[in-house]
Amino acid sequence: MGASPGPATARHESQLWVMAAIAFAVYYSNYMVAPLIPALAREFSVSAYQLGWLIPGFLIPYGISTLVYGALSDWWGRAGTLAALLCFAAATMIMVSFAGSWRTLIIARILSGVGCGGIVTIALAIVGDRYPYAIQGRPMGRMFGAIAAGIGFGSTLGPMLNPLLGWRNEFRVLAAACCLGALFIVKSGCSAIEVHEKPSSFGQVIREYLMVLDAPRGGRTMAFIFCNGAFHGGIFAWLGLLLTSRYYLHDMGVGLALAGYGLPGIFFGTIIGRWGDRYGRRYVVPFGFLWAAGCAFLLLPHSPRLVAAFVIAALSAGFDATHPLMSSITTSLDPKHRGQITGFASFANFLGMGIGALCFQHLIAFGFSTALTIFASAQTLSGLAALYGFRGELPRQVQSVELAEAQSVSCQR
């Protein structure tokens with residue numbers, strides 16, 4: 001009592017910016033690789049197909065590791081877990097930068113997926129801890145705006161800086177950024193969250209996951225997160241090769257063509273989040289699915305490069321209108337195990353992205369047009385299913401969810 005709300009609010013806002021910066025660095029390190037596949041294939045004298053595991057080899061271990069790290073953050077606390085993971089991620093990025101062969105590079109990427117997994121998950125859990133569900137759209141929008149910035153700048157500057165700095169030095173700079181983030185967290189304790197009761201057994205953690213899947217709202221949301229991740233992860237993983245084969249572009253050209261990817265999230269992520277808070281997820285999420293599917297269909301014809309660049313930028317807006325709002329739903333499922341549940345959502349997303357990348361890779365054998373048509377059609381069906389699946393996500397539901405959270409916290413006290 002007696003504490004001024006102003007400083008607390010300012011402190012939460014500064015913490016939000018720190019979490020956003022960390023999310024930016026992690027996603028930059030991930031999304032800079034896919035556009036570099038043609039250049040890496042030339043450097044290591046192998047085909048792009050042989051380097052196909054660079055993407056799912058990172059995404060699948062990343063997703064699986066979030067199942068562990070999210071629960072650990074509930075158990076050991078957010079600050080210590082996050083700082084340790086940032087140091088682990090920095091070490092694996094250094095390993096990637098010193099890879100001497102394409103096989104070593106893939107192994108280092110797999111380890112990097114394990115190292116980076118959980119960082120953004122815990123950051124999102126912190127946002128869920130700090131902000132009630134009723135107003136989570138704006139901070140989640142900022143977080144995913146930072147993620148979109150990491151996606152956009154990683155996919156653009158990654159290949160563009162390769163001729164100037166080299167991709168190895170880019171990874172070393174990102175490793176240094178992770179170390180600075182860990183140091184800041186340790187010194188400031190900015191992410192320290194009160195630790196809940198420790199789980200008594202591994203079985204209890206598994207039962208928590210099964211309870212989420214068994215709940216209609218939880219299982220439905222996880223399924224849509226997986227399908228959405230498969231669509232976006234599959235297409236983006238091979239956009240660089242598509243641009244190279246269709247327009248005969250090199251690193252600089254690929255970077256410029258992907259310059260718009262992620263920009264909608266940077267400029268409109270917070271606005272889209274507010275739309276979700278105001279009008280309900282029932283409208284915004286299905287629209288995001290259908291918007292992304294339409295953009296994928298527009299990539300089918302051999303349009304001019306500028307038109308293709310605009311379509312790619314618009315494609316990323318579909319992710320901004322779906323995943324942040326679905327992640328917000330997951331943070332409200334069980335406030336006592338928010339880190340664990342957020343990790344589960346990240347697992348579904350990244351597992352979907354990894355499997356989507358593998359599926360798209362195999363469909364490329366039949367041509368990019370065939371792969372895009374199949375993925376766009378599947379996303380259209382997901383959008384139509386989302387109209388029914390999210391019909392209950394109304395703005396008025398926010399009040400009941402927030403009340404349930406308050407009662408849960410009150411029972412703990």
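These notebook entries record what I looked up in a predicted model of one protein chain.

**Entry 1. Overall architecture.** I began with secondary structure and found 19 helices and zero strands in the protein chain. I then looked up burial: of the 413 residues, 61% are buried. Among contacts with a separation of 6 or more, 85% join residues 24 or more positions apart. The chain exposes about 16,700 Å², and 70% of this area comes from carbon and sulfur atoms.

**Entry 2. Nonpolar cores.** I counted 99 residues in the largest nonpolar core, where Leu82, Met143, Trp167, Ile235 and Phe360 have the most contacts. Helix H1 (residues 5-31) supplies the largest share of this core, with 10 residues. Apart from this core I noted another, of 26 residues, including Leu67, Met222, Val285 and Met326. I next asked which residues methionine 143 touches, not counting those up to four places away in sequence. I listed Leu16, Met19, Ala20, Ala23, Ala123, Leu124 and Val127.

**Entry 3. A nonpolar surface patch.** Helix H13 (residues 263-279) gives the most to the patch, namely seven residues. Phenylalanine 153 belongs to helix H7 (residues 137-161). I recorded phenylalanine 153 as partly exposed, because its relative accessibility is 38%, between the limits of 20% and 50%.

**Entry 4. Salt bridges.** I found three salt bridges in the structure.

Arginine 42 and aspartate 251 meet through their side chains at 3.5 Å, N to O. This pair links distant parts of the chain, with arginine 42 in helix H2 (residues 37-44) and aspartate 251 in helix H12 (residues 251-257), 209 residues apart. I noted that arginine 42 is partly exposed at 46% relative accessibility, whereas aspartate 251 is buried at 11%.

Arginine 168 and glutamate 43 form a salt bridge at 3.3 Å, N to O. Arginine 168 lies in helix H8 (residues 167-188) and glutamate 43 in helix H2, so the pair ties together parts 125 residues apart in sequence. I recorded both partners as partly exposed, arginine 168 at 22% and glutamate 43 at 40%.

Arginine 217 pairs with glutamate 393, the closest N and O atoms being 2.8 Å apart.

Note on methods. Residues numbered from 1 in each chain as written. Predicted model: local features only at pLDDT ≥ 70, side-chain atom pairs only at ≥ 80, totals over all residues. Heavy atoms only, no water. Helix = DSSP H or I, 4+ residues; strand = E, 2+ residues; numbered from the N terminus. Buried < 20%, exposed > 50% of the residue type's maximum accessible area, 1.4 Å probe, protein only. Contact = heavy atoms within 4.5 Å. Areas by Shrake-Rupley, 256 points an atom, 1.4 Å probe, with all protein chains shown as cover. Core = buried A, V, L, I, M, F, W, Y, C linked by side-chain atoms within 4.5 Å. Salt bridge = Lys/Arg side-chain N within 4 Å of Asp/Glu carboxyl O.
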